[in-house]
Amino acid sequence: MLDIKVIREDPERVRAGALKKHFPARAEAVDRLLALDAELRGLLPRIEQMRAEQKQAGKRLAGLSPEQREAVLEQQKALKAELQSLEAREKELQVGVREQQLLIPQVPDPEVPEGKDDQANTEVRRVGDATQPTFEVRAHDDFATARGWLDVERAAAMAGSRNYMLFGDLVLLQDAVLRLAVDHMVAKGFVPVDPPLLVRDNIMEGTGFFPGGEEQTYRCEVDGLNLIGTAEVPVTSIHGGEILGEAELPKLYVGRSMCFRREAGTYGRDTKGLYRVHQFQKVEQVIIDVADEGRSRAHHEAIVRNAEEVLQMLELPYRVVNVCGGDLGVPQAFKYDIECWMPSRQAFGETHSASRFYDYQARRLGIRYRPADGGKPLHCHTLNNTVLASPRILIPMLEVHQRADGRLHVPTALRPYLGGRDRL
RNA sequence: GGAGAGGUGGCAGAGUGGCUGAAUGCACCACCUUGCUAAGGUGGCGUGGGCGUAAGCUCACCGGGGGUUCGAAUCCCCCCCUCUCCGCCA
């Protein structure tokens, strides 16, 4: 969430930010917040004064008093009754302020393009050769099914649509790309994490997925737990509620986990193949560092490069796009997507998403650090980016590396993970 | 699942109804001392909010939420977590 002081100082900027992200309803939360906040601040001095009075009288009463005690007690009771009604209102206001504050989105950075949806994203750079080969490339799912590597029908029969089963070499290939991604990040000093997949509501809230993302989340109601949609959730929350030392920062983590998404409201979109599915595996990089915009920006560029390096090792053509306002999530200030070339679509398809949040998540989660000079604790900055998500990454793998003979080319960097094989 | 014990400031650890926002130690910050990456001395040092140009004043917070009381870290209830023992299962 945003610092309430920031909202008070420049509500117009915050409101404009919400509108740039195409969240008109959330923009209105700014006004509701300010109204509640104003009432609360009007009430607080009165309440505080009464509490101070109560405290003082109580202390005097402690020492000694024969029957004078009775009179004071009467007064105290009257004071208490009045105070209680004011406190009830205070409580309401505080809850209301928090509710509205959670709804208010992070303000997008100035260089975020205007726009309603991904059509308005702007290309930053394009890497690799996306030209079509001479033979006719089969769509990834047709190809994989023909090879006996994929069965969507049987998966759907037991689990519904948007499910899949992988078999044989495709399972091994998936493990290989995931492991390559983890190894790449570990070599860069990231600590690998195998996190909980089921988390409490407050963790979903802290990372900005709740409120708002409930529909996309599988929930285990009897236990009050939610299946994570990304390792970002538990990994960013590792230091929730803590005050770190500046010397410990930055924290570099690479989470590897299953991810689950309901994909509600996406009926009819991307129904074919492995593009949009309910469960997948993802390697995710997370950085927690000091509150410095320049450093956040530098980290952001670095984590995009990390993902690009993996794609280059996988010999996949891709482009990096600057995500427009309407395509940004609630907590993000800026986001790059990486899109891999997908021959069957004759288009680039999103495979990665790199976000910076500044202190938005850290404020919600209570991740702070004590500056080296010993000053007051500050909220950290957080960032994250996909390193690799499968099976979506298998789409370009199966199409770009498909060969005329019906076999699959194995990129050099991947061969050590597949027993040295160069074709599958 | 059953039975106990416990959750206090960055950490360790006192505190069982008002004198406690909280002893003490460590860590940390500032200054001083000291002939050398050690040791010592003095002072400071929880977090968040409100009011104030400021100095400062004030309120809340001792796992979370309710309650008792004029007054709760301290008493009662519910929940969460940790540890130990038993059971169960892998």
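The following questions and answers concern the predicted model shown above.

Reader: On what basis are the values in this predicted model computed?

Author: Residues are numbered from 1 along each chain as its sequence is written, while chains are lettered from A and ligands numbered from 1 in the order in which they are written. In this predicted model, local features need pLDDT of at least 70, side-chain atom pairs count only at pLDDT 80 or more, and totals for chains, interfaces and linings use all residues, whereas side-chain values use heavy atoms, with hydrogens and water left out.

Reader: In what order do the eight strands of the open sheet stand?

Author: Strands are DSSP runs of E with at least two residues, helices are runs of H or I with at least four residues, and both are numbered from the N terminus. Two strands pair if DSSP finds at least two bridges between them. The pairing in this open sheet is mixed, and the order of its eight strands is β1-β11-β12-β13-β16-β10-β9-β4.

Reader: Which strands stand at the edges of the sheet, and why is one side of each left without a neighbour?

Author: Strands of a sheet pair through backbone hydrogen bonds, either parallel or antiparallel. Each edge strand has a single partner strand, so one side of it has no neighbour in the sheet; the two strands are β1 (122-127) and β4 (191-193).

Reader: Which residue of β9 stands opposite Pro192?

Author: Strand β4 is joined to β9 (residues 251-260) by three bridges, and the two run parallel. In β9, the residue opposite Pro192 is Val254.

Reader: What angle does helix α10 make with β16?

Author: Helix α7 (residues 168-187) lies across β4, β9, β10 (279-289) and β16 (381-390), running at about 150° to β16. Helix α10 (residues 293-313) also packs on the sheet, where it touches β1, β10, β11, β12, β13 and β16. Such angles run from 0 to 180 degrees between N-to-C directions, with axes fitted to C-alpha atoms, for helices over the stretch in contact. Between α10 and β16 the angle is about 10°.

Reader: Which residues have the most contacts inside the largest nonpolar core?

Author: A nonpolar core is a set of buried Ala, Val, Leu, Ile, Met, Phe, Trp, Tyr and Cys residues joined through side-chain atoms within 4.5 Å. The largest one has 57 residues, and its largest share, nine residues, comes from α7. The residues with the most contacts inside this core are Leu173, Leu314, Ile393 and Leu414.

Reader: Which residues are in contact with Leu414, leaving aside its neighbours within four places in sequence?

Author: Contact means heavy atoms within 4.5 Å. With those sequence neighbours left aside, the residues in contact with Leu414 are Leu173, Ala176, Val177, Leu180, Leu314 and Met397.

Reader: How many disulfides are counted?

Author: A disulfide is a pair of cysteine sulfur atoms within 2.5 Å. For Cys220 the nearest cysteine sulfur, that of Cys259, is 18 Å away, and for Cys324 the nearest, that of Cys340, is 20 Å away. By this rule the count is zero.

Reader: Is Cys324 buried or exposed?

Author: Buried means under 20% relative accessible area, exposed over 50% and partly exposed in between, with a 1.4 Å probe and protein chains only. Cys220, at 27%, is partly exposed. Cys324 has a relative accessible area of 0%, so its class is buried.

Reader: Which side chain has a polar contact of 2.8 Å with that of Asn226?

Author: Asn226 is found in strand β7 (residues 225-227). At 1% relative accessibility, Asn226 counts as buried. Its 2.8 Å side-chain partner is Asp201.

Reader: Where is Pro391, which a cis peptide bond joins to Ser390?

Author: The cis bond between Ser390 and Pro391 has an omega of about 20°. Pro391 lies in the loop between β16 and α12 (394-400).

Notes:
Polar contact = N/O pair within 3.5 Å; in protein donor to acceptor, adjacent residues only side chain to side chain.
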